[in-house]
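User: Hi! Could you walk me through the pockets, helix packing and backbone details of this model?

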Amino acid sequence: MVLGIESSCDETGAGIVRDGKLLAHVVASSMDEHALFGGVVPEIAARAHLQAFNPVVREALAQAGLRLGQIDAVAVTTGPGLSGALQVGLAGAKTLAYAAGVPLYGVHHLAGHVAADTLEHGPLPTPCVVLIVSGGHTSLLLVRDLVREPILHLGDTLDDAAGECFDKVARIMGLSYPGGPAIDRAAREGNPRAVDFPRPLTRPGDDPYAFSFSGLKTAAARWVEKHRAQGLDLPVADGAAALQEAVADVLTRKALAACAAYDVKTLIVVGGVAANSRVRGLAEQRCAAAGVELRVPPMTLCTDNGAMIAAVGDLLVRSGAEPAPLDVSIDPSAPLEYASLTPPAAPPARAA
C-alpha cells in the first residue's frame, strides 16, 4: 500500500496505489492564485502546499478507507520542480514515513507521468516510446523497464516546452491562464489552416527527435502584433487553432518517427498537454495509420498528481528497490535517468 506525494509546482497531490490499482486520488490546486500573475509564482506555490498538504493526505486516506498505520511505503517527488514547493512535499513525506515507520522513496517527477498510464492500461509494454508533454517538459523517451533500466532520451526540448508555448501565446492573445486549456477552447471555433505557423525542427537535416517551440511562440507573437499594429480585429479562434495544429503536428510526427525507427508498436503520451484535444486526436489518427497502439491516461491523470508518484513507488517496492536514504534531499533540475531519484552525494569539504 503506497502513498504518493506530489508538490513540484502548483498542485498538491496525494494518491494511494496497491499492486498497480488506484485506491485514492486527491489534488488541490493553487492555479487560481497564480492566474492573477499570468504564471506560477514559486513563493505562492510553496505556501499553498503548506496549507493543502495535511487536508489532501487526510482525504486520500479517507477515500481508500485507510489509516496512516496501514500504509506500507511513502513515495514523494524529489525533483525536478520548484525548490520551495519540493521542500514542502519532501518534508511532509518524511514526516509521514517516520510516523508510520515505513520506507520512503524519492521519485523523479517525469517518471511519475510515465507511470500514470499504468493506472489505466496496466503494465507498460517493453519497449515503448513515451512522449512527455507538459508546461515545463517536452521529451521523447525509449522506455524498457521503468524502474530497473535506465531511460533512453531520444530527444528533449531545446528551449520552450509545448505547454510553455501555449501559456505564453495565450497571454499575448489575451486568453486566460493556464494557456493550454484556453487555447484548446478557443480553437474549437477556429480554422487550423488559417495561419501558416512554422513546424520547428522538421526539415531534412534537423534533429529528428529534438523539440523547439520558442520560434513558434515568436511567430505567433508577431502575427498578433501585425494585426494590432494595423488596427485589425484579432481572429483569436483561428490563431489558437493554427497554433494548436502546429504543436500537435510536430509532437506526433516526431513520436511516430521514433516508433518506426526503433520498431516499437506502442506510443504512450503523458503530461498536461496530453489533455489537449488536438494532440490526442492527431495522435489517434496517425497511430492508427501506422499500426501503432496509442495509450493516453485519462485527463485527470495527465496533469500533476500524487497518484502517478504512488504508481512509481508501487513499482519500486514490488521490484525490490532500495528506499531513499534518511538524508535524501531535493534536486530541482534533476535529469531523468532512472525512476528512483537519489541526488548524488555532495563532494567532501576541503580541509581548512
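Analyst: Happy to. A word on classes: Ala, Val, Leu, Ile, Met, Phe, Trp, Tyr, Cys and Pro count as nonpolar, Asp, Glu, Lys and Arg as charged, and the others, Gly among them, as polar. This is a predicted model, where local features need pLDDT of at least 70 and side-chain atom pairs count only at pLDDT 80 or more, while totals for chains, interfaces and linings use all residues. Residues are numbered from 1 along each chain as its sequence is written, and side-chain values use heavy atoms, with hydrogens and water left out.

User: How do the residues of the lining of the largest pocket divide into nonpolar, polar and charged?

Analyst: A pocket here is an open set of points on a 1 Å grid over the protein atoms alone, where a 1.4 Å probe fits, with protein on both sides within 12 Å along at least five of seven lines; lining residues have an atom within 4 Å of a point. The largest pocket has a volume of about 1100 Å³, a volume being the space filled by probe spheres set on points joined across faces, edges and corners. Of its 41 lining residues, Ser 134, Gly 135, Asp 167, Tyr 177 and Pro 178 are the closest to the centre. The lining divides into 14 nonpolar, 17 polar and 10 charged residues.

User: Which helix gives the most to the lining of the largest pocket?

Analyst: Helices (H or I, at least four residues) and strands (E, at least two) are DSSP runs, numbered from the N terminus. Helix 4 (109-116), helix 6 (162-173), helix 7 (179-187) and helix 11 (299-302) give two or more residues each to this lining. With six residues, the top contributor is helix 6.

User: And which helix gives the most to the lining of the second largest pocket?

Analyst: That pocket has a volume of about 410 Å³. Among its 19 lining residues, those closest to the centre are Thr 118, Pro 123, Leu 124, Leu 315 and Arg 318. Helix 5 (118-121) and helix 12 (306-319) each supply at least two lining residues; the one that gives the most, with five, is helix 12.

User: Are helix 6 and helix 9 roughly parallel or antiparallel to each other?

Analyst: Axes are lines fitted to C-alpha atoms, for helices over the stretch in contact (heavy atoms within 4.5 Å), and angles run from 0 to 180 degrees between N-to-C directions. The axes of helix 6 and helix 9 (residues 236-261) come within 11 Å and cross at roughly 170 degrees. The residues of their contact divide into 10 nonpolar, two polar and no charged. Angles under 35 degrees count as roughly parallel, over 145 as roughly antiparallel, 65 to 115 as roughly perpendicular and the rest as oblique, so this pair is roughly antiparallel.

User: Is His 49 buried or exposed?

Analyst: His 49 is found in helix 2 (residues 42-64), and among the residues it touches are Ser 7, Asp 10 and Val 88. Buried means under 20% relative accessible area, exposed over 50% and partly exposed in between (1.4 Å probe, protein chains only). At 1% relative accessibility, His 49 is therefore buried.

User: Is Asp 263, with its positive phi, buried or exposed?

Analyst: Asp 263 lies in the loop between helix 9 and strand 9 (266-270). Its phi is about 55 degrees, although it is not a glycine. Since its relative accessible area is 60%, Asp 263 is exposed.

User: Where does Pro 80 lie?

Analyst: The peptide bond from Gly 79 to Pro 80 is cis, with omega near -10 degrees. Pro 80 is in the loop between strand 4 (73-79) and helix 3 (83-100).

Definitions and conventions:
Lists of a residue's contacts leave out its neighbours within four places in sequence.
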